[in-house]
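I'll jot down what I looked up, one entry at a time.

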Amino acid sequence: MEETTESTTGYSHEPVENSGTCTVNIESDQCTANAEEEETAPADVSSYDWLSIVDMLGLQKHPAELVPGDVVGKELPLLEMWECFYTTYSRSVGFGIRIHTTSSNESRGVWRREWVCPRQGFRRENFLSPADRKRRPRDCTRCGCTACLHVLKSMSGTSWKVQRFDTNHNHAGGFERLGFTRKDAYNKAATMHRAETVETDSEGLLGYLASKIDSTDPTLYAKYTIDEEDRLCHIFWSDSGCQRDYMCFFDVLAFDTTYRSNAFNKPLVMFVGMNNHFRTCVFGFALLLNEKIESYKWVLETFLDCMHRRQPAVVVTDGDAAMKAAIILCFPDSTHRLCGWHLSTNATSNIKSPDFTKAFRKLLYSHYNVPQWYERWDALLDKFELHDNAWAATTYEQRLHWAETFLKTHFFGGMSTTQRCESINSYIKRFLNCKIPLRDFIRHVDIAQRNIRESERHDDFISYYTEPAYPTDATLIGYLRQYGAACTRQVFHMVKLEVDLESRYNIVGREAEGTSNIFKLRKFSHQGSEYTVTHSMVDNHLQCSCRQFESDGIPCRHIFAVMKNLDLQHVPPTLIKRRFIVRVKEGVTDFVVPPSYQDVPQVVEMSRFGTLNILATHMNSLAAKLDSSYNIAKDKMRELILQFQLALEEQQDPASSDIPNERSSTPRRLVRDPVIVRTKGCRDSDFSKPGVQRQVGNKCGRCGVRGHYRTTCRAPIEQDSQATTQGYETASHTYATPSTSGNNQPFPGSI
């Protein structure tokens with residue numbers, strides 16, 4: 001009797017070096033009874049070495065260069081050897097494997113096994129929309145990939161022979177191949193950190209940014225200021241990833257200040273937004289001297305310089321007076337929205353009535369029309385007798401900045417509060433504390449930023465290489481498929497929710513007006529509010545009176561109900577926002593040079609570098625999928641490299657004067673550590689009174705005197721400091737603004 005089993009669980013791994021020992025973690029528990037009797041103690045696959053296996057097979061190629069003809073017909077004495085071979089091969093090309101089928105019988109035991117790509121086959125339709133399903137089906141990972149390794153046991157039972165070896169994957173893959181473990185990286189980083197010697201903590205921070213510019217991120221932008229005593233005041237930085245995110249998602253910006261993140265009590269400002277997965281993304285960081293209007297004005301102007309003077313469409317803040325004044329000066333064309341959570345909290349603290357807070361929140365978030373809103377506001381004042389209340393009067397004057405009724409025509413993507421700022425502040429502070437020096441602070445912020453981007457890469461992978469589980473019984477499945485193919489997975493699920501609810505609404509009226517049709521809708525069995533949907537016969541665009549699409553970017557259920565009534569077979573392109581498509585960043589390739597720096601060769605060169613880097617990454621991801629395209633790309637790149645090298649050699653003239661390296665030709669003054677200032681987030685226990693030395697038991701490592709730390713040595717405690725602007729454009733290694741004292745100092749790190 002012969003049995004064949006199919007396993008849907010397999011083993012996952014990360015790629016390693018292509019030589020050495022192979023380790024496999026088998027998770028499949030589906031096997032026949034006879035196979036279990038024969039293999040009660042599975043062999044240790046890790047004991048088989050890749051090099052010894054390829055020597056037995058007579059292979060001289062790199063694993064990634066193998067073709068079916070190199071392996072088909074080859075024999076090995078043990079099944080585990082083939083398992084080790086295929087596992088190591090799959091790691092080298094960046095794909096996982098799983099056991100697909102195992103055949104066995106009573107006389108021979110296991111005599112056939114097939115390993116396949118995890119994306120082999122397709123999901124059965126009965127698993128997509130079963131009648132008794134209570135949970136949303138998981139995303140489909142199968143795409144019909146044919147890559148596999150099929151081996152058979154010889155009749156004598158002494159060897160296993162390859163019957164089929166398919167190397168063609170119909171999807172993308174590949175991971176970074178590391179030749180070291182995570183612990184090795186930590187140990188190396190700790191060794192390098194202990195070996196560092198810097199004269200001041202500020203020099204350590206600036207040196208870290210300079211090293212990133214010179215080595216890993218030439219388009220990183222940073223700028224700082226110093227005071228009259230050469231102490232660090234403000235500093236702003238934004239790497240190439242932050243700048244690229246802002247180019248794609250600049251329509252909504254939120255920023256807030258967090259405290260107690262470093263040893264100098266400097267407020268940390270983070271500029272955040274929302275990406276195409278509805279996740280928080282960071283556009284830049286800043287450490288400020290204080291929280292005055294001048295400080296916020298400096299950081300906003302610097303942010304604009306970094307982002308090529310492109311103002312955000314909407315700015316969300318907590319209502320801080322200094323922030324508001326700076327926004328009016330620096331972002332005159334942006335819509336300023338006040339945080340709804342802070343307003344609700346202020347309402348509770350000023351009026352002290354739960355009923356008032358509940359009614360106020362309705363005015364804050366509900367989609368009333370303008371006359372309805374004014375009517376309800378007057379009724380609220382009458383009910384609680386607040387006509388003479390100062391807080392109510394001030395809040396009413398700011399209604400255009402917080403009431404959904406007046407803001408629903410602007411896109412916010414659901415950002416009605418600074419919750420994203422608060423959550424990212426909370427996450428970042430896991431890596432920080434009030435005693436961390438600046439040189440460690442910048443490293444920890446980078447680690448947190450990498451973790452945030454890792455989550456985004458995971459979302460990208462899900463949206464790129466899987467497809468949603470479409471319900472087979474859905475009436476508007478065509479709309480769902482269009483959104484599933486174009487938009488990210490989170491957007492798809494939000495659209496699906498609206499599609500599922502469209503059947504609850506009936507069209508109660510229709511009339512023509514010029515080139516438009518106007519539909520009236522009402523919820524079934526509800527005689528309340530009506531919704532108006534306007535359909536343009538020119539471009540099929542639809543607009544609803546609830547303005548959900550304009551505000552959140554997701555078409556509402558009312559629009560889908562009208563689309564079904566009109567029998568539209570496809571979603572109009574105007575109802576798919578570009579910021580939510582899967583590959584929105586692939587269209588961002590040009591780093592625009594600010595007009596003030598178009599005559600600076602270094603800035604132009606670094607901008608070109610950023611553009612070419614994005615294009616090359618996209619090309620590499622496509623070329624690596626096929627052997628033919630890989631070889632073509634490799635040969636063409638070698639030709640271009642040689643061509644460009646010859647062109648540069650021809651243009652170089654020893655007699656001509658190249659642009660001098662200002663950083664190496666001009667001596668730079670030492671940037672001293674900043675002063676410690678009192679902030680809103682500073683506790684009395686953390687801050688000494690002016691003229692009183694901080695009493696701590698530690699001894700200063702610089703002067704040997706007890707009572708302060710090395711980082712605070714000779715740092716007078718002041719409430720404010722006059723700062724002069726001194727910075728640099730990191731993309732060009734030039735200075736953005738000269739110091740008022742006339743001493744243009746180079747940025748450290750590449751001297």
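Before anything else, a working rule: I call a residue buried when its relative accessible area is under 20%. I also keep in mind that this is a predicted model.

**Entry: helix H18**

I started with helix H18, which covers residues 489–501.

Next I asked which residues of H18 are buried. My list reads Arg489, Val491, Phe492, His493, Val495, Lys496, Glu498, Val499 and Leu501. A reminder to myself: an α-helix has 3.6 residues a turn, so residues three or four places apart point the same way.

**Entry: Asp446**

Then I followed helix H16, where Asp446 lies. Asp446 has a relative accessible area of 9%, so I wrote it down as buried. Leaving out residues up to four places away in sequence, I saw that Asp446 touches Tyr208 and Lys212.

**Entry: cysteines**

How many disulfides are there? I counted 0, taking a disulfide as a pair of cysteine sulfur atoms within 2.5 Å. Cys544 is in no disulfide, as the nearest cysteine sulfur, that of Cys546, is 3.5 Å away. Cys544 has 3% relative accessibility, so it counts as buried. Cys140, at 7% relative accessibility, counts as buried too.

Notes:
Residues are numbered from 1 along each chain as its sequence is written. This is a predicted model: local features need pLDDT of at least 70, side-chain atom pairs count only at pLDDT 80 or more; totals for chains, interfaces and linings use all residues. Side-chain values use heavy atoms; hydrogens and water are left out. Helices (H or I, at least four residues) and strands (E, at least two) are DSSP runs, numbered from the N terminus. The expected span of a helix is 1.5 Å times one less than its number of residues. Buried means under 20% relative accessible area, exposed over 50%, partly exposed in between (1.4 Å probe, protein chains only). Contact means heavy atoms within 4.5 Å.
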